[in-house]
Amino acid sequence: MSEPEPEPVDVGSEQWLVDAGRQLDPPQSDVERLTRSVIDSARKMSHSRATLATDIDRVIVTDRVLRRLLLIEVRRRMHRPVLRVVVDSEGGEVTAIHLGVVCWYDDELIELASRTRAVIADVFVGTLGADRGQRAAALVDIDWVDLDEKRHRDANTREN
């Protein structure tokens, strides 16, 4: 009488792929091509930043810095998550600002928008100067991108 076949051991339908991948090294040419691609992409991203003029001669700010400051200050002072900040510019001057903010179901949106615009104006004046900052602050468009329930509000407020 012959011995019965051993039961196959199921190590997971994808485990063998993981194990095989660990044993393979990518060819050096693939690593070099990937490295060049990442470096080229980083260069393009760093060059694609728009520079914005300020009230002080020969001082410029990038739109990336302005977007980051807006995101931080609106979150910090308004206790609302900001999902989108877009700064449009032409010739170094801000032409439009689009802010996507989360609001709560019980928010008074007109009052909240007014307070949010005041925060944005403060950031603009502090970054671009009084003249350019006030002109840019008049171009703000706030979109309420989502509604959140009260139970999420408490958790989000603690995070900010």
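Me: Is Glu93 buried, exposed or partly exposed?

Reply: Glu93 is partly exposed, because its relative accessible area is 27% and that class falls between buried (under 20% relative accessible area) and exposed (over 50%), with a 1.4 Å probe and protein chains only. This is a predicted model, in which local features need pLDDT of at least 70, side-chain atom pairs count only at pLDDT 80 or more, and totals for chains, interfaces and linings use all residues. Residues are numbered from 1 along each chain as its sequence is written, and side-chain values use heavy atoms, with hydrogens and water left out.

Glu93 has a salt bridge to Arg135, with 3.7 Å between the closest N and O atoms. The term salt bridge means a side-chain nitrogen of Lys or Arg within 4 Å of a carboxyl oxygen of Asp or Glu. Glu93 belongs to strand β4 (residues 93-104) and Arg135 to helix α5 (residues 130-137), so this contact ties together parts that are 42 residues apart in sequence. Helices (H or I, at least four residues) and strands (E, at least two) are DSSP runs, numbered from the N terminus. Arg135 is also partly exposed, at a relative accessible area of 48%. The contact is part of a network: salt bridges that share partners join Glu93 and Arg135 with Asp55 and Arg132.

For context, the whole structure has 10 salt bridges. One of them pairs Arg77 with Asp122, whose closest N and O atoms are 2.7 Å apart. Arg77 sits in helix α3 (residues 63-78) and Asp122 in helix α4, so parts that are 45 residues apart in sequence are tied together. Arg77 counts as partly exposed because its relative accessibility is 33%, and Asp122 is likewise partly exposed, at 43%.

Another salt bridge joins the side chains of Asp143 and Arg84, at 2.6 Å from N to O. Here strand β5 (residues 140-148) supplies Asp143 and strand β3 (residues 82-90) supplies Arg84, so the pair ties together parts that are 59 residues apart in sequence. Asp143 has a relative accessible area of 26% and is therefore partly exposed; Arg84, with 33%, is partly exposed too.

Helix α4 spans residues 109-128 and also contains Gly126. Gly126 counts as exposed because its relative accessibility is 67%. The C-alpha atom of Gly126 is 10.0 Å from that of Thr54, a residue 72 positions away along the chain.
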